[in-house]
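The following note sets out points for a colleague who is reviewing how the chains of this assembly are arranged.

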Protein chains: 4
Amino acid sequence: MAETVAVLGAAGYAGAVAAALLHRHPHFELAFVTARSDAGVPLAAVHPRTRVPLVLEEYDADRHADVDAAVVAYPHGAAAPVVAGLRSRGVRVVDLSADFRLHELATYEEWYGSHGAPALVGEAVYGLPELHREEVRDARLVANPGCYPTAAILALAPLAREGLLGDVVIDAKSGVSGAGREPTHGKHFVSVDETVTPYKVGRHRHTPEIEQELGGAVRVTFTPHLVPLSYGELVSCYVTPTREADVRALYEDAYAREPWVEVVEGPPGMQEVRETNFCRISVHGDERTGRVIVFATIDNLWKGTSSQAVQNLNLMFGRDESEGL
Amino acid sequence: MAETVAVLGAAGYAGAVAAALLHRHPHFELAFVTARSDAGVPLAAVHPRTRVPLVLEEYDADRHADVDAAVVAYPHGAAAPVVAGLRSRGVRVVDLSADFRLHELATYEEWYGSHGAPALVGEAVYGLPELHREEVRDARLVANPGCYPTAAILALAPLAREGLLGDVVIDAKSGVSGAGREPTHGKHFVSVDETVTPYKVGRHRHTPEIEQELGGAVRVTFTPHLVPLSYGELVSCYVTPTREADVRALYEDAYAREPWVEVVEGPPGMQEVRETNFCRISVHGDERTGRVIVFATIDNLWKGTSSQAVQNLNLMFGRDESEGL
Amino acid sequence: MAETVAVLGAAGYAGAVAAALLHRHPHFELAFVTARSDAGVPLAAVHPRTRVPLVLEEYDADRHADVDAAVVAYPHGAAAPVVAGLRSRGVRVVDLSADFRLHELATYEEWYGSHGAPALVGEAVYGLPELHREEVRDARLVANPGCYPTAAILALAPLAREGLLGDVVIDAKSGVSGAGREPTHGKHFVSVDETVTPYKVGRHRHTPEIEQELGGAVRVTFTPHLVPLSYGELVSCYVTPTREADVRALYEDAYAREPWVEVVEGPPGMQEVRETNFCRISVHGDERTGRVIVFATIDNLWKGTSSQAVQNLNLMFGRDESEGL
Amino acid sequence: MAETVAVLGAAGYAGAVAAALLHRHPHFELAFVTARSDAGVPLAAVHPRTRVPLVLEEYDADRHADVDAAVVAYPHGAAAPVVAGLRSRGVRVVDLSADFRLHELATYEEWYGSHGAPALVGEAVYGLPELHREEVRDARLVANPGCYPTAAILALAPLAREGLLGDVVIDAKSGVSGAGREPTHGKHFVSVDETVTPYKVGRHRHTPEIEQELGGAVRVTFTPHLVPLSYGELVSCYVTPTREADVRALYEDAYAREPWVEVVEGPPGMQEVRETNFCRISVHGDERTGRVIVFATIDNLWKGTSSQAVQNLNLMFGRDESEGL
């Protein structure tokens, strides 16, 4: 019988994609969609593309815990107590926020402030299946990675494993959906159009996740840029390797059996992964400087968030990892 | 009396902007505009925005040398012999191509192939007024910088002068006009829209110019990316400094008296310099890694090419550097 | 057993989408993909998003007729003889070109010139299932509608049927993929970006199709505009009705049982139908003038071309009309 | 001696452009810039492109009336009382709002609600110099036209004058800056990108202005569409003429001596008028239907608003109409 799933925070971009994917999933049954500001409105009225025939409901901790699993699409800070409530009622959770991604509570507090459910931090599994597939299978709480970390970690993990990361500069380019649905001056069409905007220079909160998952041995410079497009993300990674290595072979080995990572020749394009769970990666040597340059691209709302959440749910419930994707 | 100027290759984007600027210049007189493919057509028919009431002519080495100066907007290789012809007739030249930018002939040959007028290489002045103002005043042949080098060199020169460039990664983002007007698959709207495309990874020909003008002591990794917009360029520069320094003060000192360089607090935006001769720069420290991050933005067809050509012409003919800009 | 299908002309945008849809279709088997210019190259190298693991082949009239059906994605004029060849070998055809859309040969010749296979004109069925479902089921040759006519006819058919079309102005807005993949000045990113371009004013070849399918009683003014986006099409139709009528009810009745037409309240958006077979329509009265305003939007490469071709194939082979869509 | 001018509401897009134009105007002196929300902030911090070195001030009815003229860039309703205050202190006003554009108070009230300064309605001159140049010269209060009416009226006036407007459909396409600077869901980049959105169908408030200035004899259907670009506007006008006429000659006669209207052959493009005071117009016949199709394009913030305000100020103070433009 189908497991039931609720999506909490389904009026945002990520929640809406998660709801759409679960609605058409051959196994899971989308039971509830909730939202604060748009409660009472059909999800399909807010996000017509989803064509999900459910009405957004105000979150009710009891009613909406009557499911097998929940995808929580809340901002960090707001997510932790809701996740704790769901876990206490036995609901398995994929949390899209940052609240359970960092293993070290101190690191979380340094970057985000005090934590709303510190007792659960130890239980959470970092939900990047390519790195933690087996733990995800057994997880009750999966901390779904941020969109930038998904691309950056997949881009750099083969080098990290071999201890090849001498230094790392990550220059990331993201579509505007990555900044969320709330209207602001910075997301006004006129502000974004015909320009590129670096932001949170030297202090983006995705940095510690990336460092954690690369093994903690290297400090990365991570600079995101907003580019004039809606969906998609490209990370350009510059690495001084600690020694000579057949880097290309490392990548092909690392990802040969991964269904959702494609190692390609030329630099990958966002349209190639648009509305898919794929991450596309290319690896290049800069002969003159000895640096390695790695590009990785994903759809920030799919592999960067919500299709990866479904990939994790599939693993957590013993389904084929790619079901419904 | 007004000096007369010809623009050769005025059907391209850069030539057209140069022609428009010279047409409305209070001192210079735009005498001729030439083009191969569109000869016989009014420039304003090909580039309506210019509103230049001249007809594009097929280039005639004698007729079009009857001017005081010429702006040559030809591809590299094609430019050198035409420049040589103009110089032999006493015409002062601002060459927009790469043919005379590199002081070392061997470096030119390594990146571009054989040179069409090697005897003139020694005479050419690299036309970045902020670095070479006095030489430009006396120059007969100015090699106008490439668009990426203009931004990158202005972004890094204050560090270079102090010997602070430990290593350099330049991640550049450019609008499509920088790739020229000839239609190709890569410039088709559908290819560019909603994606970001790295190109010429590890081997872009602007690299040696940048290294030359930064003093030759550092090898840079330079990676350009095509972004879905028409005009403008942003370079994001990552530097490991060789020692501690008050970097912000260095930039303010370096550019305090420069009319066309603005050092600003936050990351600069392309719209702030659109259709101007300004370069806007911001400097940031990444405390966690010790890196310095510098952003610089220009309009690739203005400060990146054609308004800088006019700035150079002004200097060459003893005019106010900013006249007509 | 699965019927086999070939896609001829699969290197273009429409052919590539048709191939991708047929490749993942649960019933049909994509047997061949052909192309002139890219023969020998994997389709996935030209159009990575398709992920079709077939190599583009040079068209061979015998080898590629060894299928049950073919989708022909050739320009008008080039299509007719190839379609004739396929038909003579018993292959059922969905032709994406204009060659078999017009019932009157004289009309074809007036707008397109001489016809390459006039004997087949009488046999062809106009492949808009919402108007001609039963004929499509029995057809051997389906003339798939143009993208503009698909939207315009669906927008106006409920009024046409009732004789309500007093006059008709259609102002259409299309993404650039509608203009094809061949690079031209007009499709250069810089030409399209930040502007709207009317084209073929008063003489677009889709006009006679629209008039034919609206019953031939009204002459329409049809003006397409290129807008700065890649995929999608909106037609804004202005009608002076011949008499009072409950127009909204007409539309709801007309499309209540249509799986792929959605009548909505507010003006429909292109993102709501992106990469789907849906046409979304809204109907509005302009009380001050008595005019009726109808908007219809489709994805020009899906319902406007290739998913409609699959819809037609499903009907032709007795499958569920929506299979694989 | 230079006349002084204040711009009230300079933090919006239109006010900022007006301030920038007046700041660099060779004659007028920009004395004050005011804004509600950003008071205390330099205008150049909110709109860097202006490079205006003035600080936005909270509006003070006395202090800011110490000027020769004011440009009022307030929303309708809010403008009227401020304009009345300025007029009572003898300040000449160009009002960018709709408050004084309609001669009939009843029409204003029907479309906008009650009027804040009805006594001044009779005094105001509709500030389209091409139609009302002489009245503008003597005006003390100029009601600057809306952006859509500027383009639509210039597109249709030559036909209106000759009584040729049998019926009129205006399908307008506008960049997002026309919708103002306040962030909303509808102006979020993701909402606008890759789609076209009709809005205020059958009830846009610019309709009565257009009808008034076309002589009041025809009711127009006017439908604006938001297109994914920042600046610029195109109106596509469809007219059934009341009789045969040499329409092209009408336009050439009408605009032969107008410095800021260009009649061109092919459909005009927004980039051709970007950041200029030009309106570009083309006229086409649709032979099959007998309709006349007229396209007109302007920069919505320049000829559509703020450069036209400067054009009006020039006339009001006896300057050359084109000074500073």
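1. Copies are superposed here by least squares on the C-alpha atoms of residues with pLDDT of at least 70 in both. The model under review is a predicted one. Two copies of a chain are related by a rotation about an axis and a shift along it.

2. For chain B and chain A, the superposition requires a rotation of 180 degrees with 0.0 Å of shift along the axis, and the RMSD is 0.0 Å. These values are therefore the relation of a two-fold axis. The same surface serves both copies, since 100% of the contact residues of chain B recur in chain A.

3. The extent of the contact between chain B and chain A may be stated as follows. On each side the contact involves 40 residues, 40 of chain B with 40 of chain A. About 3,400 Å² is buried between the two chains, and carbon and sulfur atoms give 56% of this area. Three residues, B:Glu194, B:Arg288 and B:Arg291, supply 21% of the area that chain B buries against chain A, more than any other three residues.

4. Which residue of chain A forms a salt bridge with B:Arg288? The partner is A:Glu211, with the closest N and O atoms 2.4 Å apart. Between chain B and chain A the count is six salt bridges. Across the same interface, 24 residue pairs are in polar contact, both residues being at pLDDT 80 or more.

5. The side of chain B that touches chain A draws two or more residues from each of several elements of chain B, namely β8 (165-174), α8 (207-213), β10 (220-226), β11 (233-241), β13 (279-286) and β14 (291-298). The largest share, five residues, comes from β8(B). By class, this side of chain B has 18 nonpolar, 12 polar and 10 charged residues.

6. Is D:Thr305 buried or exposed? Its relative accessibility is 12%, and because buried means under 20%, D:Thr305 counts as buried. D:Thr305 lies in helix α10 (residues 302-316) of chain D. Leaving aside residues up to four places away in sequence, D:Thr305 touches D:Ala14, D:Leu96, D:Asn144, D:Cys147 and D:Asn300.

Notes. Residues numbered from 1 in each chain as written. Chains lettered and ligands numbered in written order. Predicted model: local features only at pLDDT ≥ 70, side-chain atom pairs only at ≥ 80, totals over all residues. Heavy atoms only, no water. Contact = heavy atoms within 4.5 Å. Helix = DSSP H or I, 4+ residues; strand = E, 2+ residues; numbered from the N terminus. Buried < 20%, exposed > 50% of the residue type's maximum accessible area, 1.4 Å probe, protein only. Buried area = accessible area lost by both parts, 1.4 Å probe. Salt bridge = Lys/Arg side-chain N within 4 Å of Asp/Glu carboxyl O. Polar contact = N/O pair within 3.5 Å; in protein donor to acceptor, adjacent residues only side chain to side chain. Nonpolar A, V, L, I, M, F, W, Y, C, P; charged D, E, K, R; others polar.
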